[in-house]
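Here are my notes on the model, as numbered points. Please read them with the coordinates open.

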Amino acid sequence: MEVVEASQDVTASPGRLVKVERIAACLRAAEPAEVGIAVAFLSGELRQRQIGVSWATLRDAPAPAAAPALTLSEVDETFARVGGQAGPGSQGERRRLLADLFARATEVEQRFLQRLLGGELHQGALAGVMADAVARAAGVPAAEVRRALMLRGALGPVAQAALTGGTPALRAFSLEVGRPVQPMLAQPADSVETAMARVRPAAVEQKLDGARIQVHRSGGDVAVFTRTLDDITVRVPEIVEAALALPLRSAVLDGEAIALRPDGRPHPFQITASRVVSTRAVAGLRDSLPLTPFLFDVLHLDGEDLLARGGAERQAALEGVAPAGLLVPRVVTDDIAVAAEAFADAIARGHEGVVVKSLVAPYEAGRRGGGWRKVKPRHTLDLVVLAAEWGHGRRRGWLSNISLGARDPETGGFVMLGKTFKGMTDELLAWQTERFGQLAAEANDWSVTLRPEQVVEIAFDGVQHSSRYPGGVALRFARVLRYRSDKRPEDADTLATVRALYDASST
């Protein structure tokens, strides 16, 4: 497959421009109907996302074919069939389908498919590189691709439109109620003062420790999506009912779902997260652990897109249809003392901190827009767990000491920043031992190397120089705050972010 050769070339190429040109050449050579598949595979993803294949299933491949014969469509169709298996005998049928596929693949194609299915195809073809490659392949402005991607939420259909219809086809994409878009994210700031220096006057909004939700309503139909665009509608009936009670015809709303204690304080994030992902006994969970929706933005309202409107205009539109009890608490001010008081109040109520938001900035879907600055009371990073060591003494039998990695966008890999065993309760140790068993790529008597998929939020006291680790920096007194199963590895913080923290502390 041309895609396999392109993947090898991209992996071997350290430069971004070389990666872009090589991927663009591959996309230009692809059949129009297979462009979306090629984009997904080169991004290290399946179009079906998850198809129920474990690492153990991939270990025993049949003898490889002597010559390449597979097409992208055939591989994609097989993945779809594998993912569609359910019920008694489904595991055996998955193995049979995969064995038939691998028997028709060459040795190099088998290795590619194993890495793709195992989540290990990290070759540096991240979203920004892929978007630029699509633009280069189609001969269209990169800004047009990014705009279409923002609205469509998936690069495959955007790439196919770009290569078959050019700029006019890209401009045909618009926000569609019922189809999620990538959420806008906030850039970190180390203090309220720093955030207000960038954005002032501003809305200082409580940063709730919940699960990000995007709520779509069209008439009597409601769909609820996560920050990773997964549909969780059937899991959150109380949020559906709250959306149906609003006095509007159609809307796309941004907010958080959070499980609250009887006193109004939030449960720990893991409790909210477990409720959001649970598909069993939803009615019972709703009674025992109800979710409360809080809204903080509106992207579309009654037939009108609001993405390009300023923050104050969008807030006014939101307040016109949502009762105060459904809105995230906020204060609008240009006074740093007032903002600091709002921050202290949010922390006292058990929340993460605040988000300082511009009153004039548009909604920058899929980006860490400069108009939003998040402030937390401690240094935290979202990192990826690369390996874990078996514990000793009281922790014997549990995977304990974890290796932490920051994302390197240039290589598509992860750079180790150190290890930690701090902040782990017995419950967390049990959870991570089970979870890491699912992610194991290699193992020996003392440690397990993991597929780099699990994101963890780490608190630390500072960043220091290190000659031991390849990135040249290491975290001081790192400790686990929580595992972020709502985030993907590509959402992890970058090595550049960590180095910037080190540079700031060194001046």
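Which residues in helix 9 meet which residues in helix 10? Point 2 answers this.

1. Ground rules. This is a predicted model, in which local features need pLDDT of at least 70, side-chain atom pairs count only at pLDDT 80 or more, and totals for chains, interfaces and linings use all residues. Residues are numbered from 1 along each chain as its sequence is written, and side-chain values use heavy atoms, with hydrogens and water left out. Helices (H or I, at least four residues) and strands (E, at least two) are DSSP runs, numbered from the N terminus.

2. Helix 9 on helix 10. From helix 9 come E144, V145, R147, A148, L149 and R152. They meet L155, P157, V158, T167, L170 and R171 in helix 10. Contact here means heavy atoms within 4.5 Å. Helix 9 (residues 142-152) and helix 10 (residues 155-171) pack at about 125°, axes 10 Å apart. Helix 9 is therefore oblique to helix 10. Angles under 35 degrees count as roughly parallel, over 145 as roughly antiparallel, 65 to 115 as roughly perpendicular, and the rest as oblique. Axes are lines fitted to C-alpha atoms, for helices over the stretch in contact, and angles run from 0 to 180 degrees between N-to-C directions. The crossing of helix 9 and helix 10 is right-handed, that is, the near helix is turned clockwise from the far one by less than a right angle.

3. Helix 8 on helix 10. The axes of helix 8 (residues 127-138) and helix 10 come within 9 Å and cross at roughly 15°. So helix 8 is roughly parallel to helix 10. M130, A131, V134, A137 and A138 of helix 8 make the contact with L155, A159, A162 and L163 of helix 10. This crossing is also right-handed.

4. V145 and the core. The largest nonpolar core has 53 residues, and F41, F79 and V145 touch the most other members. Such a core is a set of buried Ala, Val, Leu, Ile, Met, Phe, Trp, Tyr and Cys residues joined through side-chain atoms within 4.5 Å. Buried means under 20% relative accessible area (1.4 Å probe, protein chains only). Leaving out residues up to four places away in sequence, V145 touches A131, V134, A135, V140, L155, V158 and L170.

5. Strand 3. Is strand 3 (residues 211-218) largely enclosed or open? Seven of its eight residues are buried, so the rest of the structure largely encloses strand 3. Strand 3 pairs antiparallel with strand 5 (residues 250-259) over eight bridges; pairing requires at least two DSSP bridges. V215 stands opposite L253 in strand 5. Five bridges join strand 3 to strand 4 (residues 221-225), again antiparallel, and H216 has A223 as its bridge partner. Two residues lie between strand 3 and strand 4 in their hairpin, where G219 takes a positive phi near 65°.

6. Helix 12. Its buried residues are E238, I239, V240, A242 and A243. Their cover includes strand 3, strand 4 and strand 5.

Note on methods
Buried < 20%, exposed > 50% of the residue type's maximum accessible area, 1.4 Å probe, protein only.
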